[in-house]
Amino acid sequence: MNTADSGESVVALVPAAGRGVRLGANMPKAFVEVGGSPMVRLAVEGLLASGAVDRIIVMVPADLVESAVALLPGSSVSPADAVQVVVGGAERTDSVRAGIAAAPDAAYFLVHDAARALTPPRLIAEVAAELRAGHAAVVPALPVVDTIKAVDGSGTVTGTPDRAGLRAIQTPQGFAADLLRAAYAADVAATDDAGLVELLGARVRTVPGDPMAFKITTALDLTLAETLAARLDLIAPLS
């Protein structure tokens, strides 16, 4: 569902400037291919297929702006286009901040990792729908299946939290735009965007995540993604 006519623009921000050291690639992780398509392209195609966003802003290294425009459907460096490519930063937070600055009129933001390239469009649409329903912060979440241990600096176990109350958080993470702008203006550290808004006292709503929205971080993850892409018939030549 496109919301532009209602004046409540949903803008997706896709950080794609990270180097992806753990993946062992010699290029930014977002440009590593899964089934013949770069992760960032698959992520953008999923956002477009959701029908839930009005604009997509992709943040990439300065030297890869032209390459990104060539890879992404309907993209350019202009804010007038549905998919805009802008220069990201050294850290993920720098990239998201650049995306926020490029969308001053957004009513809602979806922050989506390019490395979650197989995220189902249905999940993206659900997060956006929860935002439109009045929730200021929405994240997809999966129950934790492993036992989790807290450890100290020496590696000694200090506790075992009850996993029944734990969730693994995915993207896209959705926010009322003013809330995310305020969170980034505070300039504090957190491991994800929801963590930043939590520091402002905002309540974060969870929706059921999807195993397909896993993050491609290691070589093993990439192998799994390639296998799934083949089974889902996602392997296709770039147009």
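I began with arginine 205, which is partly exposed at a relative accessible area of 38%. The model I am reading is a predicted one.

I looked up the partner of arginine 205 and found a salt bridge with glutamate 130, the closest N and O atoms being 2.5 Å apart. Glutamate 130 lies in helix 4 and arginine 205 in strand 13 (residues 205–208), so the pair ties together parts that are 75 residues apart in sequence. Glutamate 130 has a relative accessible area of 17%; the cut-off for buried is under 20%, so this residue is buried.

Next I checked arginine 92, which forms a salt bridge with aspartate 113 at 2.9 Å between the closest N and O atoms. I placed arginine 92 in helix 3 (residues 92–101) and aspartate 113 in the loop between strand 7 (108–111) and helix 4 (121–132), 21 residues apart. Arginine 92 is partly exposed at 31%, whereas aspartate 113 is buried at 8%. Both belong to a network of salt bridges that also links Arg116 and Asp193.

I then turned to helix 1 (residues 39–50), where glutamate 45 and arginine 41 sit 4 residues apart, about one turn of the helix. Their side chains meet in a salt bridge of 2.8 Å, N to O. I count 9 salt bridges in total.

I looked for a cis peptide bond and noted the one from threonine 171 to proline 172, with omega near 10°. Proline 172 is in the loop between strand 11 (167–169) and strand 12 (173–176).

Last, I noted the whole chain: 7 helices and 13 strands. Its radius of gyration is 18 Å, close to the 18 Å of the globule rule for 239 residues, so the chain is as compact as a globular protein of that length.

Definitions and conventions:
Residues numbered from 1 in each chain as written. Predicted model: local features only at pLDDT ≥ 70, side-chain atom pairs only at ≥ 80, totals over all residues. Heavy atoms only, no water. Helix = DSSP H or I, 4+ residues; strand = E, 2+ residues; numbered from the N terminus. Rg over C-alpha atoms; globule rule 2.2 N^0.38 Å. Salt bridge = Lys/Arg side-chain N within 4 Å of Asp/Glu carboxyl O. Buried < 20%, exposed > 50% of the residue type's maximum accessible area, 1.4 Å probe, protein only.
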